[in-house]
Amino acid sequence: MHLEASLLRAIARLSRQGRRATLPELELRVLGEPDALRAALGRLNVASLLTVHGSEVRLTLSLIHISEPTRPY
(Lines give C-alpha, C1' and ligand atoms only; values in the text may rest on other atoms or scores of the structure.)
Protein backbone atom coordinates (compact mmCIF):
# COMPACT_ATOMS: atom_id res chain seq x y z
CA MET A 1 0.00 0.00 0.00
CA HIS A 2 2.99 2.29 0.40
CA LEU A 3 3.47 2.46 -3.36
CA GLU A 4 -0.18 3.35 -3.91
CA ALA A 5 -0.02 6.13 -1.30
CA SER A 6 3.15 7.52 -2.89
CA LEU A 7 1.48 7.52 -6.29
CA LEU A 8 -1.60 9.34 -4.96
CA ARG A 9 0.60 11.99 -3.33
CA ALA A 10 2.61 12.46 -6.52
CA ILE A 11 -0.53 12.76 -8.67
CA ALA A 12 -2.02 15.32 -6.24
CA ARG A 13 1.23 17.28 -6.19
CA LEU A 14 1.40 17.41 -10.00
CA SER A 15 -2.24 18.47 -10.14
CA ARG A 16 -1.64 21.34 -7.71
CA GLN A 17 1.24 22.46 -9.94
CA GLY A 18 -1.04 22.41 -12.98
CA ARG A 19 0.93 19.59 -14.59
CA ARG A 20 -0.36 16.39 -16.16
CA ALA A 21 0.30 13.19 -14.23
CA THR A 22 1.70 10.80 -16.83
CA LEU A 23 3.56 7.54 -16.26
CA PRO A 24 6.95 9.10 -17.14
CA GLU A 25 6.28 11.96 -14.69
CA LEU A 26 5.28 9.50 -11.97
CA GLU A 27 8.32 7.30 -12.61
CA LEU A 28 10.51 10.33 -11.85
CA ARG A 29 8.72 11.04 -8.56
CA VAL A 30 7.93 7.61 -7.10
CA LEU A 31 10.53 4.97 -6.35
CA GLY A 32 9.63 1.63 -7.84
CA GLU A 33 9.96 -0.51 -10.90
CA PRO A 34 7.82 0.60 -13.87
CA ASP A 35 5.90 -2.69 -13.80
CA ALA A 36 5.16 -2.25 -10.08
CA LEU A 37 4.00 1.33 -10.69
CA ARG A 38 1.66 0.20 -13.47
CA ALA A 39 0.28 -2.57 -11.26
CA ALA A 40 -0.31 -0.10 -8.41
CA LEU A 41 -2.04 2.31 -10.80
CA GLY A 42 -4.23 -0.57 -11.93
CA ARG A 43 -5.21 -1.37 -8.33
CA LEU A 44 -6.03 2.28 -7.67
CA ASN A 45 -8.09 2.38 -10.87
CA VAL A 46 -10.05 -0.73 -9.82
CA ALA A 47 -10.66 0.91 -6.43
CA SER A 48 -12.10 3.95 -8.31
CA LEU A 49 -9.53 6.31 -6.77
CA LEU A 50 -8.18 7.41 -10.15
CA THR A 51 -8.89 7.15 -13.83
CA VAL A 52 -6.49 6.55 -16.69
CA HIS A 53 -7.03 8.49 -19.93
CA GLY A 54 -4.41 7.39 -22.43
CA SER A 55 -1.10 8.20 -20.76
CA GLU A 56 -2.64 10.65 -18.27
CA VAL A 57 -3.77 9.70 -14.77
CA ARG A 58 -6.39 11.73 -12.88
CA LEU A 59 -7.73 11.52 -9.33
CA THR A 60 -11.44 10.88 -8.94
CA LEU A 61 -13.93 12.65 -6.72
CA SER A 62 -14.33 9.50 -4.61
CA LEU A 63 -10.77 10.04 -3.37
CA ILE A 64 -11.73 13.53 -2.23
CA HIS A 65 -14.64 12.06 -0.27
CA ILE A 66 -12.25 9.68 1.47
CA SER A 67 -9.67 12.32 2.33
CA GLU A 68 -12.05 15.08 3.42
CA PRO A 69 -13.32 13.49 6.67
CA THR A 70 -9.76 12.63 7.73
CA ARG A 71 -8.33 16.07 6.97
CA PRO A 72 -7.05 17.81 10.13
CA TYR A 73 -8.64 21.15 10.92
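Just after helix 3, serine 48 takes up a positive phi of about 60°, in a model that is predicted, so that local features need a pLDDT of at least 70, side-chain atom pairs count only at pLDDT 80 or more, and totals for chains, interfaces and linings use all residues. Residues are numbered from 1 along each chain as its sequence is written, and side-chain values use heavy atoms, with hydrogens and water left out.

Leu37, Ala40, Leu41 and Leu44 of helix 3 are buried, that is, under 20% relative accessible area, whereas exposed means over 50% and partly exposed in between (1.4 Å probe, protein chains only). Seen down the axis of helix 3, these buried residues fall within an arc of 100°, so they line one face of the helix; the arc is that of the directions from the helix axis to the C-beta atoms. The face turned away from the buried side of helix 3 carries the exposed residues Asp35 and Val46.

Alanine 36 also lies in helix 3 (residues 34–46), and because its relative accessibility is 30%, alanine 36 counts as partly exposed. Between alanine 36 and leucine 3 there are 8.4 Å in space, C-alpha to C-alpha, although they are 33 residues apart in sequence.

Key: Helix = DSSP H or I, 4+ residues; strand = E, 2+ residues; numbered from the N terminus.
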